[in-house]
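Subject: Handing over the structure, with notes

Dear colleague,

I am passing on the structure we spoke about, and my notes on it follow below. Please read them with the structure open beside you.

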Amino acid sequence: MPGESLTRPSTLLIACGALAREVKHLLDVNGWSHMTLTCLPADLHNTPQQIPGAMRRKIRASRDRYDRIVALYGDCGTGGLLDDVLRDEGVERIPGPHCYQFYMGTDDFTRLAEAEPGTFFLTDYLVRHFDRLIIKGLGLDRFPQLRDDYFGHYVQLVYLAQTEDPELDKAAQAAAERLGLIYARRLTGYGELETFMAEAGHGDNAVQPVPAMRLSR
Amino acid sequence: MSEEDDLDLSSLNDEELVQQMHDDLYDGLKEEIEEGVNILLERGWQPYDVLTKALVEGMRIVGIDFRDGILFVPEVLMAANAMKGGMAILRPLLAETGAPKMGKMVIGTVKGDIHDIGKNLVSMMMEGAGFEVVDIGINNAVEDYLAALEEHQPDILGMSALLTTTMPYMKVVIEALKEKGIRSDYVVLVGGAPLNEAFGEAVGADAYCRDAAVAVETAKSFMSRRQGSALAGLQAAGD
(Lines give C-alpha, C1' and ligand atoms only; values in the text may rest on other atoms or scores of the structure.)
Protein backbone atom coordinates (compact mmCIF):
# COMPACT_ATOMS: atom_id res chain seq x y z
CA MET A 1 0.00 0.00 0.00
CA PRO A 2 1.49 3.38 -0.95
CA GLY A 3 2.82 5.37 1.98
CA GLU A 4 2.94 2.34 4.28
CA SER A 5 6.37 1.25 5.35
CA LEU A 6 7.48 -1.88 7.16
CA THR A 7 8.28 0.16 10.23
CA ARG A 8 5.26 2.16 11.23
CA PRO A 9 6.01 5.67 12.49
CA SER A 10 5.85 6.14 16.23
CA THR A 11 2.80 8.27 16.84
CA LEU A 12 1.68 10.14 19.92
CA LEU A 13 -2.04 10.65 20.28
CA ILE A 14 -2.88 13.61 22.49
CA ALA A 15 -6.52 13.11 23.41
CA CYS A 16 -9.14 14.68 25.55
CA GLY A 17 -9.50 12.70 28.79
CA ALA A 18 -13.15 12.13 27.85
CA LEU A 19 -11.92 9.89 25.01
CA ALA A 20 -9.26 7.99 26.96
CA ARG A 21 -11.19 4.78 27.52
CA GLU A 22 -12.39 4.58 23.92
CA VAL A 23 -9.00 5.39 22.39
CA LYS A 24 -7.27 2.85 24.66
CA HIS A 25 -9.81 0.24 23.61
CA LEU A 26 -9.20 0.91 19.91
CA LEU A 27 -5.42 0.75 20.38
CA ASP A 28 -5.76 -2.60 22.16
CA VAL A 29 -8.20 -4.34 19.83
CA ASN A 30 -6.41 -3.18 16.68
CA GLY A 31 -2.91 -3.92 17.99
CA TRP A 32 -1.75 -0.39 17.26
CA SER A 33 1.27 -0.69 19.51
CA HIS A 34 3.20 1.98 17.62
CA MET A 35 0.74 4.57 18.85
CA THR A 36 0.97 5.98 22.36
CA LEU A 37 -1.87 7.69 24.15
CA THR A 38 -1.56 10.66 26.45
CA CYS A 39 -4.44 12.84 27.63
CA LEU A 40 -5.28 16.31 28.80
CA PRO A 41 -7.78 16.40 31.68
CA ALA A 42 -11.40 16.18 30.56
CA ASP A 43 -12.25 18.80 33.18
CA LEU A 44 -10.61 21.40 30.94
CA HIS A 45 -13.97 21.55 29.17
CA ASN A 46 -15.15 23.73 32.02
CA THR A 47 -12.38 26.21 31.21
CA PRO A 48 -11.85 25.81 27.44
CA GLN A 49 -9.62 28.85 27.29
CA GLN A 50 -6.98 26.72 29.02
CA ILE A 51 -7.05 23.93 26.42
CA PRO A 52 -4.83 25.55 23.73
CA GLY A 53 -2.02 26.34 26.19
CA ALA A 54 -2.18 22.88 27.77
CA MET A 55 -2.04 21.31 24.30
CA ARG A 56 0.96 23.40 23.28
CA ARG A 57 2.86 22.41 26.44
CA LYS A 58 2.07 18.75 25.90
CA ILE A 59 3.20 18.85 22.25
CA ARG A 60 6.46 20.61 23.06
CA ALA A 61 7.23 18.26 25.93
CA SER A 62 6.78 15.21 23.68
CA ARG A 63 7.89 16.26 20.21
CA ASP A 64 11.41 14.83 20.27
CA ARG A 65 10.26 11.34 21.17
CA TYR A 66 7.79 10.65 18.33
CA ASP A 67 7.77 10.65 14.53
CA ARG A 68 4.44 12.40 14.55
CA ILE A 69 1.82 13.76 16.91
CA VAL A 70 -1.92 13.77 16.35
CA ALA A 71 -4.62 15.52 18.37
CA LEU A 72 -7.83 13.68 19.24
CA TYR A 73 -9.80 16.69 20.30
CA GLY A 74 -12.76 18.68 19.14
CA ASP A 75 -12.61 22.45 19.02
CA CYS A 76 -14.40 22.06 22.35
CA GLY A 77 -15.40 25.68 22.77
CA THR A 78 -11.98 27.19 22.13
CA GLY A 79 -13.40 29.21 19.24
CA GLY A 80 -10.62 28.16 16.86
CA LEU A 81 -7.77 28.91 19.27
CA LEU A 82 -6.90 25.22 19.63
CA ASP A 83 -6.57 24.98 15.85
CA ASP A 84 -4.29 28.03 15.84
CA VAL A 85 -1.95 26.26 18.27
CA LEU A 86 -2.06 23.01 16.30
CA ARG A 87 -1.33 24.84 13.07
CA ASP A 88 1.64 26.62 14.70
CA GLU A 89 2.95 23.32 16.00
CA GLY A 90 2.26 21.37 12.80
CA VAL A 91 -0.04 18.87 14.51
CA GLU A 92 -3.12 17.41 12.83
CA ARG A 93 -6.48 17.10 14.56
CA ILE A 94 -9.46 14.89 13.96
CA PRO A 95 -11.95 17.12 12.11
CA GLY A 96 -15.07 18.35 13.84
CA PRO A 97 -16.09 20.77 16.56
CA HIS A 98 -16.63 18.12 19.24
CA CYS A 99 -16.71 14.41 19.92
CA TYR A 100 -20.46 14.09 19.22
CA GLN A 101 -19.78 14.86 15.60
CA PHE A 102 -16.98 12.41 15.08
CA TYR A 103 -18.79 9.64 16.92
CA MET A 104 -21.97 10.17 14.97
CA GLY A 105 -20.39 11.03 11.63
CA THR A 106 -20.39 14.54 10.22
CA ASP A 107 -23.37 14.17 7.88
CA ASP A 108 -25.66 12.51 10.41
CA PHE A 109 -24.71 14.95 13.11
CA THR A 110 -25.28 17.98 10.92
CA ARG A 111 -28.69 16.68 9.86
CA LEU A 112 -29.76 16.06 13.45
CA ALA A 113 -28.42 19.37 14.78
CA GLU A 114 -30.25 21.24 12.02
CA ALA A 115 -33.47 19.32 12.45
CA GLU A 116 -33.53 19.84 16.22
CA PRO A 117 -31.13 22.45 17.61
CA GLY A 118 -32.50 21.67 21.07
CA THR A 119 -30.65 18.37 21.29
CA PHE A 120 -28.47 17.63 24.29
CA PHE A 121 -25.93 14.88 23.65
CA LEU A 122 -24.38 12.33 25.96
CA THR A 123 -21.64 9.84 25.16
CA ASP A 124 -20.59 6.78 27.17
CA TYR A 125 -18.16 8.98 29.04
CA LEU A 126 -20.73 11.65 29.80
CA VAL A 127 -23.26 9.09 30.98
CA ARG A 128 -20.69 7.59 33.34
CA HIS A 129 -19.81 11.01 34.73
CA PHE A 130 -23.20 12.67 34.41
CA ASP A 131 -23.54 13.53 38.08
CA ARG A 132 -20.07 15.03 38.40
CA LEU A 133 -19.89 16.87 35.08
CA ILE A 134 -23.47 17.90 34.41
CA ILE A 135 -25.31 17.96 37.73
CA LYS A 136 -22.48 19.19 39.93
CA GLY A 137 -20.67 21.00 37.11
CA LEU A 138 -23.71 23.17 36.44
CA GLY A 139 -24.50 23.56 40.13
CA LEU A 140 -27.80 21.67 39.82
CA ASP A 141 -27.05 19.72 43.00
CA ARG A 142 -27.07 23.00 44.91
CA PHE A 143 -29.59 24.91 42.82
CA PRO A 144 -32.00 22.46 41.18
CA GLN A 145 -34.26 25.39 40.34
CA LEU A 146 -31.75 26.40 37.64
CA ARG A 147 -32.60 23.38 35.51
CA ASP A 148 -34.84 25.33 33.19
CA ASP A 149 -32.35 28.17 32.91
CA TYR A 150 -29.92 25.67 31.42
CA PHE A 151 -32.22 23.23 29.67
CA GLY A 152 -35.46 25.13 29.11
CA HIS A 153 -34.92 25.33 25.36
CA TYR A 154 -33.70 21.76 24.95
CA VAL A 155 -36.21 19.25 23.67
CA GLN A 156 -34.43 15.91 23.61
CA LEU A 157 -31.45 14.08 25.00
CA VAL A 158 -29.71 11.80 22.51
CA TYR A 159 -27.34 9.25 23.96
CA LEU A 160 -24.66 8.45 21.39
CA ALA A 161 -23.61 5.02 22.58
CA GLN A 162 -20.13 3.79 21.81
CA THR A 163 -20.88 0.38 23.31
CA GLU A 164 -23.84 -1.89 23.96
CA ASP A 165 -24.34 -1.50 27.69
CA PRO A 166 -27.83 -1.77 29.21
CA GLU A 167 -26.65 -0.12 32.43
CA LEU A 168 -25.45 2.96 30.59
CA ASP A 169 -28.68 3.00 28.59
CA LYS A 170 -30.66 2.98 31.81
CA ALA A 171 -28.48 5.71 33.31
CA ALA A 172 -28.85 7.85 30.18
CA GLN A 173 -32.60 7.45 30.30
CA ALA A 174 -32.61 8.54 33.94
CA ALA A 175 -30.49 11.55 32.99
CA ALA A 176 -33.04 12.55 30.36
CA GLU A 177 -35.84 12.29 32.91
CA ARG A 178 -33.90 14.38 35.37
CA LEU A 179 -33.42 17.11 32.79
CA GLY A 180 -37.03 16.86 31.61
CA LEU A 181 -36.08 15.84 28.06
CA ILE A 182 -37.33 13.25 25.59
CA TYR A 183 -34.91 10.33 25.44
CA ALA A 184 -33.38 8.72 22.38
CA ARG A 185 -30.40 6.42 21.93
CA ARG A 186 -28.20 5.87 18.91
CA LEU A 187 -25.51 3.25 18.76
CA THR A 188 -22.68 5.04 16.96
CA GLY A 189 -19.74 2.86 17.90
CA TYR A 190 -16.49 4.77 17.53
CA GLY A 191 -17.47 6.43 14.27
CA GLU A 192 -14.90 8.65 12.63
CA LEU A 193 -12.61 8.31 15.64
CA GLU A 194 -11.62 4.79 14.58
CA THR A 195 -11.17 5.71 10.92
CA PHE A 196 -9.06 8.71 11.81
CA MET A 197 -6.87 6.72 14.18
CA ALA A 198 -6.32 4.04 11.56
CA GLU A 199 -5.23 6.65 9.04
CA ALA A 200 -3.07 8.46 11.57
CA GLY A 201 -1.38 5.18 12.43
CA HIS A 202 -0.34 4.64 8.83
CA GLY A 203 1.39 8.00 8.75
CA ASP A 204 0.16 8.50 5.20
CA ASN A 205 -1.50 11.52 3.68
CA ALA A 206 -5.01 10.37 4.38
CA VAL A 207 -5.14 12.60 7.43
CA GLN A 208 -5.97 16.08 6.24
CA PRO A 209 -4.77 19.22 7.99
CA VAL A 210 -7.29 20.80 10.30
CA PRO A 211 -9.53 23.23 8.45
CA ALA A 212 -9.60 26.76 9.83
CA MET A 213 -12.45 27.30 12.29
CA ARG A 214 -12.16 31.04 12.22
CA LEU A 215 -13.46 33.14 9.42
CA SER A 216 -11.38 35.59 7.51
CA ARG A 217 -12.73 38.77 6.12
CA MET B 1 -32.29 29.07 61.74
CA SER B 2 -29.38 31.51 61.73
CA GLU B 3 -29.53 35.06 62.98
CA GLU B 4 -29.12 36.31 59.43
CA ASP B 5 -32.26 34.48 58.32
CA ASP B 6 -34.25 36.49 60.84
CA LEU B 7 -32.96 39.83 59.65
CA ASP B 8 -35.77 42.37 59.36
CA LEU B 9 -34.86 44.41 56.27
CA SER B 10 -37.20 47.24 57.21
CA SER B 11 -35.24 47.81 60.44
CA LEU B 12 -32.15 48.84 58.42
CA ASN B 13 -31.44 52.41 57.41
CA ASP B 14 -31.14 53.15 53.69
CA GLU B 15 -27.39 52.70 53.51
CA GLU B 16 -27.48 49.43 55.44
CA LEU B 17 -30.38 48.16 53.38
CA VAL B 18 -28.65 48.86 50.08
CA GLN B 19 -25.55 47.12 51.39
CA GLN B 20 -27.68 44.19 52.51
CA MET B 21 -29.30 44.05 49.05
CA HIS B 22 -25.87 43.82 47.44
CA ASP B 23 -25.17 40.83 49.73
CA ASP B 24 -28.58 39.30 48.97
CA LEU B 25 -28.02 39.66 45.23
CA TYR B 26 -24.63 38.02 45.64
CA ASP B 27 -26.34 35.15 47.44
CA GLY B 28 -29.14 34.94 44.86
CA LEU B 29 -31.96 35.63 47.33
CA LYS B 30 -34.84 36.69 45.11
CA GLU B 31 -37.51 37.20 47.77
CA GLU B 32 -35.22 39.36 49.87
CA ILE B 33 -34.37 41.48 46.84
CA GLU B 34 -38.06 41.97 46.04
CA GLU B 35 -38.69 42.94 49.66
CA GLY B 36 -35.74 45.36 49.64
CA VAL B 37 -36.94 47.01 46.44
CA ASN B 38 -40.42 47.50 47.90
CA ILE B 39 -39.04 48.97 51.12
CA LEU B 40 -36.89 51.50 49.26
CA LEU B 41 -39.84 52.50 47.07
CA GLU B 42 -42.04 52.93 50.15
CA ARG B 43 -39.37 55.20 51.58
CA GLY B 44 -39.75 57.44 48.56
CA TRP B 45 -36.74 56.33 46.53
CA GLN B 46 -36.97 56.98 42.81
CA PRO B 47 -37.23 53.69 40.85
CA TYR B 48 -34.15 54.67 38.84
CA ASP B 49 -32.11 55.06 42.04
CA VAL B 50 -33.27 51.69 43.36
CA LEU B 51 -32.27 50.14 40.07
CA THR B 52 -28.83 51.68 39.81
CA LYS B 53 -27.74 51.91 43.45
CA ALA B 54 -29.15 48.66 44.79
CA LEU B 55 -29.51 46.25 41.86
CA VAL B 56 -27.04 47.27 39.15
CA GLU B 57 -24.29 48.01 41.64
CA GLY B 58 -24.92 44.63 43.29
CA MET B 59 -24.71 42.84 39.95
CA ARG B 60 -21.55 44.78 39.10
CA ILE B 61 -19.91 43.20 42.15
CA VAL B 62 -21.19 39.77 41.09
CA GLY B 63 -19.75 40.37 37.61
CA ILE B 64 -16.32 41.27 38.96
CA ASP B 65 -16.16 38.14 41.10
CA PHE B 66 -17.30 36.03 38.14
CA ARG B 67 -14.55 37.49 35.99
CA ASP B 68 -12.02 36.84 38.75
CA GLY B 69 -13.07 33.21 39.09
CA ILE B 70 -14.54 33.64 42.58
CA LEU B 71 -18.12 33.04 41.46
CA PHE B 72 -19.21 30.59 38.77
CA VAL B 73 -22.13 30.36 36.36
CA PRO B 74 -24.67 28.85 38.83
CA GLU B 75 -24.10 31.63 41.36
CA VAL B 76 -24.33 34.29 38.67
CA LEU B 77 -27.59 32.77 37.44
CA MET B 78 -29.03 32.80 40.95
CA ALA B 79 -28.01 36.45 41.33
CA ALA B 80 -29.51 37.26 37.92
CA ASN B 81 -32.78 35.60 38.86
CA ALA B 82 -32.87 37.63 42.07
CA MET B 83 -32.25 40.82 40.11
CA LYS B 84 -34.98 39.79 37.67
CA GLY B 85 -37.40 39.74 40.59
CA GLY B 86 -36.47 43.31 41.48
CA MET B 87 -36.59 44.43 37.86
CA ALA B 88 -40.12 43.08 37.46
CA ILE B 89 -41.26 45.47 40.20
CA LEU B 90 -39.29 48.41 38.86
CA ARG B 91 -39.92 48.09 35.10
CA PRO B 92 -43.43 49.61 34.99
CA LEU B 93 -42.41 52.33 37.43
CA LEU B 94 -39.35 53.23 35.39
CA ALA B 95 -41.56 53.63 32.33
CA GLU B 96 -43.91 55.93 34.28
CA THR B 97 -41.18 58.09 35.80
CA GLY B 98 -39.26 58.58 32.56
CA ALA B 99 -35.88 57.22 33.61
CA PRO B 100 -32.94 58.29 31.41
CA LYS B 101 -32.61 56.37 28.13
CA MET B 102 -29.16 55.49 26.90
CA GLY B 103 -30.23 53.97 23.59
CA LYS B 104 -31.98 50.99 22.11
CA MET B 105 -30.73 47.47 21.44
CA VAL B 106 -32.08 44.47 19.55
CA ILE B 107 -30.48 41.26 20.80
CA GLY B 108 -30.85 37.61 19.88
CA THR B 109 -29.09 34.24 19.69
CA VAL B 110 -28.18 33.14 16.16
CA LYS B 111 -29.81 30.46 14.02
CA GLY B 112 -29.23 26.88 15.12
CA ASP B 113 -28.40 27.93 18.66
CA ILE B 114 -30.84 27.70 21.56
CA HIS B 115 -28.58 28.99 24.32
CA ASP B 116 -29.57 32.19 26.02
CA ILE B 117 -28.02 32.42 29.47
CA GLY B 118 -25.36 34.91 28.38
CA LYS B 119 -27.76 36.81 26.17
CA ASN B 120 -30.28 37.13 28.99
CA LEU B 121 -27.60 38.46 31.32
CA VAL B 122 -26.57 41.04 28.75
CA SER B 123 -30.21 42.04 28.20
CA MET B 124 -30.75 42.52 31.89
CA MET B 125 -27.56 44.49 32.49
CA MET B 126 -28.21 46.66 29.43
CA GLU B 127 -31.70 47.37 30.69
CA GLY B 128 -30.26 48.16 34.11
CA ALA B 129 -27.88 50.61 32.46
CA GLY B 130 -30.79 52.48 30.89
CA PHE B 131 -30.98 50.86 27.45
CA GLU B 132 -34.28 49.85 25.94
CA VAL B 133 -33.77 46.20 25.05
CA VAL B 134 -35.76 44.21 22.50
CA ASP B 135 -34.90 40.57 23.05
CA ILE B 136 -35.83 38.46 20.03
CA GLY B 137 -34.92 35.19 21.70
CA ILE B 138 -33.08 32.18 20.32
CA ASN B 139 -32.46 30.46 16.97
CA ASN B 140 -32.78 33.61 14.85
CA ALA B 141 -32.35 33.53 11.09
CA VAL B 142 -31.16 36.57 9.13
CA GLU B 143 -34.77 37.46 8.32
CA ASP B 144 -35.63 37.63 12.04
CA TYR B 145 -32.81 40.07 12.71
CA LEU B 146 -33.69 42.21 9.70
CA ALA B 147 -37.36 42.33 10.63
CA ALA B 148 -36.55 43.31 14.22
CA LEU B 149 -34.14 46.04 13.07
CA GLU B 150 -36.74 47.46 10.73
CA GLU B 151 -39.50 47.34 13.32
CA HIS B 152 -37.60 48.66 16.32
CA GLN B 153 -34.95 50.89 14.71
CA PRO B 154 -32.34 50.27 17.43
CA ASP B 155 -28.92 51.84 17.82
CA ILE B 156 -27.29 48.52 18.60
CA LEU B 157 -27.61 44.98 17.31
CA GLY B 158 -26.37 42.27 19.70
CA MET B 159 -25.76 38.69 18.58
CA SER B 160 -24.95 35.75 20.79
CA ALA B 161 -23.79 32.15 20.17
CA LEU B 162 -22.56 29.41 22.44
CA LEU B 163 -21.53 26.89 19.82
CA THR B 164 -18.48 26.77 17.59
CA THR B 165 -20.81 25.47 14.90
CA THR B 166 -23.27 28.36 15.11
CA MET B 167 -21.03 31.36 15.72
CA PRO B 168 -20.07 31.74 12.01
CA TYR B 169 -23.72 32.66 11.37
CA MET B 170 -22.95 36.10 12.76
CA LYS B 171 -21.00 36.80 9.60
CA VAL B 172 -24.04 35.79 7.53
CA VAL B 173 -26.14 38.39 9.35
CA ILE B 174 -23.52 41.11 9.03
CA GLU B 175 -23.07 40.39 5.33
CA ALA B 176 -26.84 40.70 4.88
CA LEU B 177 -26.73 44.12 6.57
CA LYS B 178 -23.96 45.15 4.18
CA GLU B 179 -25.87 43.91 1.15
CA LYS B 180 -28.87 45.97 2.17
CA GLY B 181 -26.62 48.99 2.73
CA ILE B 182 -27.62 49.36 6.38
CA ARG B 183 -24.54 48.00 8.15
CA SER B 184 -23.36 51.43 9.30
CA ASP B 185 -26.78 52.25 10.74
CA TYR B 186 -26.11 49.97 13.70
CA VAL B 187 -23.40 49.23 16.20
CA VAL B 188 -22.98 45.45 16.05
CA LEU B 189 -21.81 43.76 19.24
CA VAL B 190 -21.15 40.02 19.43
CA GLY B 191 -20.56 37.70 22.35
CA GLY B 192 -20.60 34.10 23.52
CA ALA B 193 -18.30 31.63 25.22
CA PRO B 194 -16.31 30.37 22.19
CA LEU B 195 -15.89 33.82 20.62
CA ASN B 196 -12.89 36.07 20.92
CA GLU B 197 -11.77 39.46 19.74
CA ALA B 198 -10.18 38.15 16.53
CA PHE B 199 -13.42 36.40 15.62
CA GLY B 200 -15.39 39.60 16.24
CA GLU B 201 -13.07 41.43 13.86
CA ALA B 202 -13.18 38.64 11.28
CA VAL B 203 -16.95 38.66 11.03
CA GLY B 204 -17.05 42.43 10.80
CA ALA B 205 -18.63 43.26 14.16
CA ASP B 206 -17.90 46.58 15.84
CA ALA B 207 -16.83 44.82 19.02
CA TYR B 208 -16.62 41.49 20.79
CA CYS B 209 -17.87 41.66 24.39
CA ARG B 210 -16.52 38.96 26.67
CA ASP B 211 -19.17 39.42 29.35
CA ALA B 212 -22.27 41.42 30.25
CA ALA B 213 -20.37 44.17 32.05
CA VAL B 214 -18.09 44.68 29.05
CA ALA B 215 -21.14 44.73 26.78
CA VAL B 216 -22.66 47.57 28.81
CA GLU B 217 -19.44 49.59 28.87
CA THR B 218 -18.88 49.01 25.14
CA ALA B 219 -22.45 50.00 24.30
CA LYS B 220 -22.18 53.17 26.40
CA SER B 221 -18.91 54.09 24.75
CA PHE B 222 -20.33 53.63 21.23
CA MET B 223 -23.42 55.63 22.16
CA SER B 224 -21.41 58.57 23.45
CA ARG B 225 -19.28 58.50 20.29
CA ARG B 226 -22.43 58.44 18.17
CA GLN B 227 -23.95 61.30 20.11
CA GLY B 228 -20.64 63.17 19.82
CA SER B 229 -20.58 62.81 16.05
CA ALA B 230 -24.26 63.70 15.76
CA LEU B 231 -23.59 66.85 17.77
CA ALA B 232 -20.55 67.67 15.62
CA GLY B 233 -22.74 67.20 12.55
CA LEU B 234 -25.34 69.61 13.90
CA GLN B 235 -22.67 72.19 14.75
CA ALA B 236 -21.13 71.88 11.29
CA ALA B 237 -24.57 72.37 9.74
CA GLY B 238 -25.05 75.53 11.81
CA ASP B 239 -21.69 77.06 10.80
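Of the contacts in chain A with a separation of 6 or more, what percentage is accounted for by residues 24 or more positions apart? The share is 71%, where contact means heavy atoms within 4.5 Å.

Before the details, please note that this is a predicted model, in which local features need pLDDT of at least 70 and side-chain atom pairs count only at pLDDT 80 or more, whereas totals for chains, interfaces and linings use all residues. Residues are numbered from 1 along each chain as its sequence is written, chains are lettered from A and ligands numbered from 1 in the order in which they are written, and side-chain values use heavy atoms, with hydrogens and water left out.

Chain A in outline

Chain A has 10 helices and seven strands, these being DSSP runs numbered from the N terminus (H or I and at least four residues for helices, E and at least two for strands). Of its 217 residues, 49% count as buried, that is, under 20% relative accessible area, with exposed meaning over 50% and partly exposed in between (1.4 Å probe, protein chains only).

The four-stranded sheet of chain A

Four strands of chain A form an open sheet in the order 2-1-3-4, with parallel pairing; two strands pair if DSSP finds at least two bridges between them. Its edge strands, each pairing on one side only, are strand 2 (35-40) and strand 4 (92-93) of chain A. Strand 1 (residues 11-16) of chain A pairs with strand 2 of chain A in the parallel sense over six bridges, and A:Ala15 stands opposite A:Cys39 in strand 2 of chain A. Helix 2 of chain A packs on this sheet, where it touches strand 1, strand 2 and strand 3 (68-72) of chain A, and its direction makes about 145 degrees with that of strand 2 of chain A. Helix 10 (residues 191-202) of chain A also packs on the sheet, touching strand 1, strand 2, strand 3 and strand 4 of chain A, and its direction makes about 175 degrees with that of strand 3 of chain A. For these angles, axes are lines fitted to C-alpha atoms, for helices over the stretch in contact, and the values run from 0 to 180 degrees between N-to-C directions.

Strand 6 of chain A and its partners

All six of the six residues of strand 6 (residues 156-161) of chain A are buried, so this strand is largely enclosed by the rest of the structure. The burial covers both faces, with A:Gln156, A:Val158 and A:Leu160 on one side and A:Leu157, A:Tyr159 and A:Ala161 on the other. Strand 5 (residues 119-123) of chain A runs parallel to strand 6 of chain A and is joined to it by five bridges, while strand 6 of chain A and strand 7 (residues 182-187) of chain A pair in the parallel sense over six bridges. A:Tyr159 stands opposite A:Leu122, and in strand 7 of chain A its bridge partner is A:Arg185.

A backbone detail in chain A

A:Cys76, although not a glycine, has a positive phi of about 50 degrees. This residue is found in the loop between strand 3 and helix 3 of chain A, and A:Cys76 counts as buried at 16% relative accessibility.

Chain B

Helix 4 (residues 73-97) of chain B and helix 5 (residues 117-128) of chain B pack at an angle of about 40 degrees, with their axes 11 Å apart. The two helices, helix 4 and helix 5 of chain B, are therefore oblique to each other, a class left over once angles under 35 degrees count as roughly parallel, over 145 as roughly antiparallel and 65 to 115 as roughly perpendicular.

B:Asp65 is found in helix 3 (residues 47-67) of chain B and counts as buried, at 16% relative accessibility. Leaving aside neighbours within four places in sequence, B:Asp65 is in contact with B:Tyr26, B:Ile70 and B:Leu71. B:Asp65 and B:Tyr48 are 17 residues apart in sequence and, C-alpha to C-alpha, 25 Å apart in space.

With best wishes
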